[in-house]
Amino acid sequence: MNRTDFPILNEQVYNRPLVYLDNAATTQKPQAVLNAIIEGYTHWNANIHRGVHHLSQVATQHHEAARQRVADFLGAQSANEIIFTKGATDSINMLAFSFGEAYIHEGDEIIISQMEHHSNIVPWQMLCERKKAILKVIPLNDDLSLNIDAFQALISPKTKLVSVTHVSNVLGIINPVEQIIRIAHSHNIPVCIDGAQSAPHLPINVQQLDCDFFVCSAHKMYGPTGLGILYGKELLLNNLPPAEGGGEMIEHVRFEHTTYNTLPYKFEAGTPNFIGSYAFAAALDYIDSIGMTTIQQHEAELTSYAEQRLKEIPNIRIYAQGLTKAGVISFNVGTIHPFDIGTLLDHMGIAVRTGHHCAEPLIDYLQVPGTIRASFGLYNDKADIDTFIAALHKAVDMLS
Ligand code: PMP
């Protein structure tokens, strides 16, 4: 599907055609996104919001139009709810700091899960250390899905926030976030959804989800690196203090006292990535030109085809086998080290990820040194998977 829109897919690796199956780490960029970056720097690059001159006004209009584009894409009520950040990690750090300053005190509790990316663990851990709060962890069922009964049992009058991933970057499992949000809200607890791995694969509507906060990264959605989104309900964001100080986020600065800007600027200290936001809007236009539902179906077919074909490999262990996944499969073969398989696959032109995938607590839980992860994007096809499986057979034969 639409391979020719992605120039990098014509690259050769070790004289072999590139088969790119590391989309959970980052996606490749369509020509439309590359064009947007070149167009911005070629025609209207100027710092935004503070210039009276023409270029500054054009740049400002593009940046604010991109904010509205993201709001529409995520189903937010208002563009004021869209904060541009450096990435999903930055979004969670900002939220952890700001929410922590406002609401977290000694003995309070924050709930995350066993399958979180380090980005949705460490910022909360740092907050807990700062405030002497307690981090609680939703355990997994035997099939590696989240244990929702255990989640309910973890909730206490001290619980101040729940932050869970929508889709696991290791297992590909789609978590029942609607149910988690409903349960948390019945106790008046706000929920942050880490959408870094869901926004590239599933249609997202934050109002339907009713999540309080949602984060994602542009580079995993066919957009540029260095740009992320922190969505928050307007009322909640209005009540939070800024996470960083500097230009843009202020109303007036005096040495005695500074007053802060309104949303969304209160959370955007310094010059924002306005070329990135323009390119991200182009990525969202590109996604919508195909249709998120079409992408979801295509990737679901690829994922189940890959899972089916992986079963051919002797001694394979596919994690969370049979559960509904969003474009990600993790596995191990016998006792072969994942790194060895990844290296041999690389020499055959196949890019997969091996290791702990920035989710060490989950990998420890699986009691393995790491996994091999194949992750799919809209441009992958069955031929990619056939090439990958043939190469995997060879690698396993060589290492057995
Ligand atoms: N959460 C999840 C589930 C992820 O997969 C990632 C990226 N691997 C992140 C957060 C962090 O995203 P970024 O590195 O773009 O900040």
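**Legends to the close-up views**

View 1. Glu248 is buried, with a relative accessible area of 12%, where buried means under 20% relative accessible area, exposed means over 50%, and partly exposed lies in between (1.4 Å probe, protein chains only). The model shown here and in the other views is predicted, with local features requiring pLDDT of at least 70 and side-chain atom pairs counted only at pLDDT 80 or more, whereas totals for chains, interfaces and linings use all residues. Residues are numbered from 1 along each chain as its sequence is written, and side-chain values use heavy atoms, with hydrogens and water left out. Glu248 belongs to the loop between helix 8 (234–238) and strand 11 (250–253); helices (H or I, at least four residues) and strands (E, at least two) are DSSP runs numbered from the N terminus. The phi angle of Glu248 is near 75 degrees, a positive value in a residue other than glycine.

**View 2. Asn239 in the loop between helix 8 and strand 11.** Asn239 is located in this loop, which also holds Glu248. With a relative accessibility of 48%, Asn239 counts as partly exposed. Although Asn239 and Ala102 are separated by 137 residues in sequence, their C-alpha atoms are 8.2 Å apart in space.

**View 3. The surroundings of the ligand.** The ligand is surrounded by 13 residues, of which Thr89, Asp194, Gln197, Ser217 and Lys220 are the closest; a residue is counted here if one of its heavy atoms lies within 4 Å of the molecule. By class, this shell comprises 2 nonpolar, 9 polar and 2 charged residues, with Ala, Val, Leu, Ile, Met, Phe, Trp, Tyr, Cys and Pro taken as nonpolar, Asp, Glu, Lys and Arg as charged, and the others, Gly among them, as polar. A ligand nitrogen atom, in turn, is 2.8 Å from an N or O atom in the side chain of Lys220. Taken alone, the ligand exposes 390 Å², and the protein buries 85% of that area, as computed by the Shrake-Rupley method with a 1.4 Å probe.

View 4. In the whole structure, a search finds 8 aromatic pairs, a pair being two rings of Phe, Tyr or Trp (its six-membered ring) whose centres lie within 6.5 Å, with planes under 30 degrees apart called stacked, over 60 edge-to-face and the rest tilted. The ring centres of Phe6 and Tyr379 are 4.6 Å apart and their planes stand at 65 degrees, so this pair is edge-to-face. Because Phe6 lies in the segment before strand 1 (12–13) and Tyr379 in the loop between strand 17 (371–375) and helix 13 (382–399), the pair ties together parts that are 373 residues apart in sequence. Phe6 is buried at 1% relative accessibility, and Tyr379 is buried at 0%. Tyr379 also pairs with Tyr222, with ring centres 5.9 Å apart and planes at 85 degrees, so this arrangement is edge-to-face. Tyr222 sits in the loop between strand 9 (213–217) and strand 10 (228–232), and its pairing with Tyr379 links distant parts of the chain, 157 residues apart. Tyr222 and Tyr379 are both buried, and together with Phe6 and Tyr286 they form one aromatic cluster.

View 5. The peptide bond from Leu263 to Pro264 is cis, with omega near -5 degrees. Pro264 is part of the loop between strand 12 (258–260) and helix 9 (274–290).

**View 6. Asn188 and its positive phi angle.** Asn188 has phi near 60 degrees, a positive value in a residue other than glycine. Its setting is the loop between helix 6 (177–186) and strand 8 (191–194), where Asn188 is exposed, with a relative accessible area of 71%.

**View 7. Asp108 and its side-chain partner.** Asp108 occurs in the loop between helix 3 (88–103) and strand 5 (109–113) and is buried, with a relative accessible area of 3%. Its side chain is joined to that of Lys160 by a polar contact of 2.9 Å, meaning a pair of N or O atoms within 3.5 Å, of which, within protein, one must be able to donate a hydrogen and the other to accept it, while residues adjacent in sequence count only if both atoms are side-chain atoms.
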